[in-house]
Amino acid sequence: MPTTSATATAERTGVVLFTCDLRVHDNAALAAAAARCERVVPLFVLDEEILAGSCASANRLAFLRDCLADLDGSLRDRGAGLVVRRGDLVAETLRVASRHGASSIDMSADCTPYAARRRERLARACAEQRVELREHAGPSVVAPGEVTPSDGGHYRIFTPYWRAWSGRVLQPAAPTPRRLSAPADLPELRLPAIPARDGTAPSPRIARGGEGPARERLTRWLGGGLAGYEEGHDDLAGERTSRLSAFLHFGCLSPRTVLERARGRPGAEGFARQLCWRDFHRQVLADRPELPSRDYRPRGDRWRRSKRDLRAWREGLTGYPIVDAGMRQLAAEGFMHNRARLIVASFLTKTLYVDWRAGAAHFASLLLDADVANNVGNWQWMAGTGNDTRPNRVLNPLRQAERFDPDGAYVRRHVPELAGVRGRAVREPWRLPAAERRLLDYPAPIVDHERAARELRGRRER
């Protein structure tokens, strides 16, 4: 999908602008520039607008620094280290291109509204300076618009999209450059210190970022975890998910490569469906760029504006151990088990009846893998305002805990106040004798779930 307007003859110098593709393997933008240009300037811009936003958490910035350092090492091994600039992406990219006499810029496509606006600004600036902008396949197995329903637009329901997606023939991986030539005056990598907006330090429990750790993790998981994925991916304490989401979000892994390596192995179909869900939400967002702020399917909700309830949910102090465990895992690791994400999202939007946008914003501020399309799409799905065909489904936190954390190991791991509670009482500590409850330093439930579920049904049926 590159956009071209110049001749196919070799160019002297080109810039490769890394954005959502922090890797050297199966990177179409890097491969194209390496094949076409005599010299390549690999560039990453710390976008000042993103750094000023709520998504620039300490955990995510630490993960990003790991990714950039790893990418620089891989590029330097091939002859051209990474150039890092901070500021406005368009201005800094054109400044680097001008300094090195580059005639082209290669980059990966992205579907977020912000990325689309940024790309349009970059395209206009390139046209003014007579620099060619080439856009290549982005972070999808199947890019938005490659499969569409018969009436055009995008797929609104997952199952028919899954059938169309599964029938696509995978494009071959982009070749990995063995050697890169760079201008002689490229500086050594110096990653600037980037303090988090809230002044916090990164958690020691977050994963190490970068393509190297990502490929190691993928190899280990394919060898030992994938086979049990279908039956075990909802086991909260078992940690039987791939833990690849952050690497996919930062582009340390190509989702196409992940799918190709998984195919044919036991458990591959269930895992492929998760990759397909990512692409499903991306094609919805590409066609409906207002999705992060507007209901996909409005239900007439008049959300409660309880700051107390929202704060308790954010801090993992709702009094429902399975909900609080998920929220505390998020704060500590920049990650939350997928089943826990469903539970806490249902609790916020269906039990507390608080606007899904508040939940999506909190996830976006802390998750390492806070992909816009996936985050917003999943929140709307759970809130009943998105692509879910059962908009009024409510997940009962007690039943969810009984099914997916039956011995309470997940709760005890993430809610230390309950670590010493034995048996099923760890799911319902409010049923303990009063003297034992006082010793726990753990709150009573902030809401009666059953009554809240009945009230939700009444609201939606009016």
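This is a predicted model: local features need pLDDT of at least 70, side-chain atom pairs count only at pLDDT 80 or more; totals for chains, interfaces and linings use all residues.
User: Okay, which element gives the largest share of the lining of the largest cavity?

Analyst: Two elements, β4 (104–108) and α5 (113–129), each supply at least two residues of that lining. The largest share is 3 residues, and the element they come from is α5.

User: What kind of residues line the largest cavity: nonpolar, polar or charged?

Analyst: The lining of the largest cavity includes Thr19, Met107, Ala115 and Glu135, and also Asp110, Arg118 and Arg119. Sorted by type, the lining has 2 nonpolar and 2 polar residues, while 4 are charged.

User: And what volume does the largest cavity have?

Analyst: The structure holds 3 cavities of 30 Å³ or more. For the largest cavity, the volume is about 50 Å³.

User: Switching to cysteines, how many disulfides does a search of the whole structure find?

Analyst: A disulfide needs two cysteine sulfur atoms within 2.5 Å. The sulfur of Cys252 has its closest cysteine sulfur in Cys67, but at 3.5 Å that is too far for a bond. For Cys126, the nearest cysteine sulfur is that of Cys37, 13 Å away. Across the whole structure, the number of disulfides found is 0.

User: Is Cys126 buried or exposed?

Analyst: The cut-off for buried is under 20% relative accessible area. Cys126 has 1% relative accessibility, so Cys126 is buried.

Terms used
Residues are numbered from 1 along each chain as its sequence is written. Side-chain values use heavy atoms; hydrogens and water are left out. Buried means under 20% relative accessible area, exposed over 50%, partly exposed in between (1.4 Å probe, protein chains only). On a 1 Å grid over the protein atoms alone, a cavity is a set of points where a 1.4 Å probe fits but cannot get out, and a pocket is an open set with protein on both sides within 12 Å along at least five of seven lines; lining residues have an atom within 4 Å of a point. Grid points are joined across faces, edges and corners, and a volume is the space filled by probe spheres set on the points. Helices (H or I, at least four residues) and strands (E, at least two) are DSSP runs, numbered from the N terminus. Ala, Val, Leu, Ile, Met, Phe, Trp, Tyr, Cys and Pro count as nonpolar, Asp, Glu, Lys and Arg as charged, and the others, Gly among them, as polar.
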